[in-house]
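Hi,

Here is the structure I said I would pass on to you. Have a look at it first, and then read my notes below.

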Amino acid sequence: MSRPQTDRPDAGAKTGPSARATIAILDFGSQYTQLIARRVRESRVYCELLPHDVTPEELRARNVIGVILSGGPASVYEPGAPSVDPRVIGGEFPVLGICYGMQLMAHLLGGDVVAEGKREYGPATVEIADRAGIFEGLAGQERAWVSHGDTVRRPPNGFSVIARTTSVPIAAMTDGKTRYAVQFHPEVAHTPHGAEILRNFLYRVCGASGDWTPASFVEEAVAEIRAKIGDRRAICALSGGVDSAVAAALVARAIGDRLTCVFVDTGLLRANEAEEVVAAFGPRLRLIHLDAADRFLAKLKDVVDPEGKRAIIGEEFVRCFEEQAERVGQVDLLVQGTIYPDVIESRSRESKTSARIKTHHNVGGLPEVMALEVVEPLRRLFKDEVRRVGAEVGIPEDILWRHPFPGPGLAVRVLGPIDRESLETLRRADAIFLEELGAADLYRTVAQAFAVLTPVRSVGVQGDFRTYGALVALRAVTTEDFMTADWARLPYDLLERVSARIVNEVPGVNRVVYDVSSKPPATIEWE
């Protein structure tokens, strides 16, 4: 595991991050593109999500051993449809095209793609004619998930058809060497043996070695951090969550006491969080505890728009760190626990065709002008990978499995304007929810759980009196990678206890609801 570069590397350079054998996933805007990356990483093979217009020279510089073309919503024959450099799929690199990727391969290599073919959405039965290559070890019939309107009517010259469905005569094709394409989606859970198809491509076709492990990441990341930082000093934005904790541990291992961690209490933290962070990390790292609640709350006064909140918080975070860097002396580096989903959802350059979902304060929310250079050792890791790396470097389990907390904190869980009273209301409700989850031994079974204070007020009856109180929403989700998520099916008796405690113990709240939305269409956070 190595730290990929955010800008395009110079062609021909094969040092540092690009030395590791890499699978390039070219993104054409599919909702499943990140799942492809997850499945490749799960197979212990390193991959990067790259823009679809990447050049062969750039792929060689990154030591790419195989290319996967994602699906996408466009039609290949439409003007302006996203495409790929024909040299990328010309035979130099092993290629696997998925859905739109298959259609694009057919289109660019001389085949025929049409819209009048049979549309397929949902489960389908794939009849495999050639159980070699990517279909090695599979049965003659396999279930798969399909979602397409266009179809390949004629494969390119030199390609043969190796699978079909009841509706589509060309469900997979190959040149018999290193180029394959499938019309279905092997990356989704609804294709039961899709992981085997991807592994066959990675190992049998691309020759991957399976060396993407936490131990290898730690070794390479520490070496890269040392090379990047040299003899300079750095400060780390330590929130107390797993991401910033692991980032701090890696940098501390690389540069020792030249790292100073700064914990900024924004006034937007959960109940007792500041005390817990100082107790947990104070003995382990050089830690500065900065109480900046007044400063942040003054800046956020009367701000309602969530993107506005994120921009203000991102700006203030950086200014706080710059001020602390001046006090520490001769510091020009800022370490952050940015992870891959943060980058993807903020729509960085890595994905031209994916929409920005929301600005993460430590990615798209950073100010244009900064005195500090940002170091992000976890920028290409998914959350589960961060936890495995954390275990490798000795992070305590209670920190590793702590539920994620957004950088803007409770600012994006108090919907609407923020003041101390609303924050305290939310803290008390949130603490009750998490306490009851823990008492029921369900904290680890959900990936994230929290309360939201809504701007909705409703009529209630408490103590025979009419009330007009606040509505608190509860949110708990299950997920593998935080790119998609489902609402947690918590027991009714647990929800009943939580609701009763909140309306009885939190002044001003008379109604509690439970969020049963998945991601997509919703996001995990409400703002």
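Before the tour, one term: a pocket here is an open set of grid points, with protein on both sides within 12 Å along at least five of seven lines. Also keep in mind that this is a predicted model.

With that in hand, the second largest pocket has a volume of about 520 Å³. It is lined by 18 residues, and those closest to its centre are Ala271, Glu276, Arg402, Leu434 and Tyr443. Which elements give two or more residues to that lining? They are helix 7 (273–281), helix 12 (397–400) and helix 13 (420–439). Sorted by class, the lining of this pocket has eight nonpolar, seven charged and three polar residues.

Now step back to the whole protein. There are 14 helices and 20 strands in it. Its radius of gyration is 25 Å, close to the 24 Å that the globule rule gives for 527 residues, so the protein is as compact as a globular protein of that length. The C-alpha trace spans about 75 × 65 × 40 Å along the principal axes.

Next, the sheet. In general, strands of a sheet pair through backbone hydrogen bonds, either parallel or antiparallel. Here nine strands form an open sheet with mixed pairing, in the order 2-1-3-4-11-10-9-6-7. From one strand to the next, the twist averages 25°.

Strand 4 (residues 95–98) pairs with strand 11 (residues 179–182) in the parallel sense, over four bridges. Within that pair, Val95 has Arg179 of strand 11 as its bridge partner. Helix 1 (residues 33–42) packs on the sheet and touches strands 1, 2, 3 and 4, with its direction at about 170° to that of strand 1. Helix 3 (residues 100–108) also packs on the sheet, and its direction makes about 115° with that of strand 4.

Most residues other than glycine have a negative phi, and most peptide bonds are trans. Cys99, in the loop between strand 4 and helix 3, has a positive phi of about 55° although it is not a glycine. In the segment after strand 20 (509–514) you will find Pro520. The peptide bond from Lys519 to Pro520 is cis, with omega near -15°, and a cis peptide bond also joins Pro520 and Pro521, with omega about 10°.

Cheers

Notes:
Residues are numbered from 1 along each chain as its sequence is written. This is a predicted model: local features need pLDDT of at least 70, side-chain atom pairs count only at pLDDT 80 or more; totals for chains, interfaces and linings use all residues. Side-chain values use heavy atoms; hydrogens and water are left out. Two strands pair if DSSP finds at least two bridges between them. Axes are lines fitted to C-alpha atoms, for helices over the stretch in contact, and angles run from 0 to 180 degrees between N-to-C directions. Contact means heavy atoms within 4.5 Å. On a 1 Å grid over the protein atoms alone, a cavity is a set of points where a 1.4 Å probe fits but cannot get out, and a pocket is an open set with protein on both sides within 12 Å along at least five of seven lines; lining residues have an atom within 4 Å of a point. Grid points are joined across faces, edges and corners, and a volume is the space filled by probe spheres set on the points. Ala, Val, Leu, Ile, Met, Phe, Trp, Tyr, Cys and Pro count as nonpolar, Asp, Glu, Lys and Arg as charged, and the others, Gly among them, as polar. The radius of gyration is taken over C-alpha atoms; the globule rule is 2.2 Å times the number of residues to the power 0.38.
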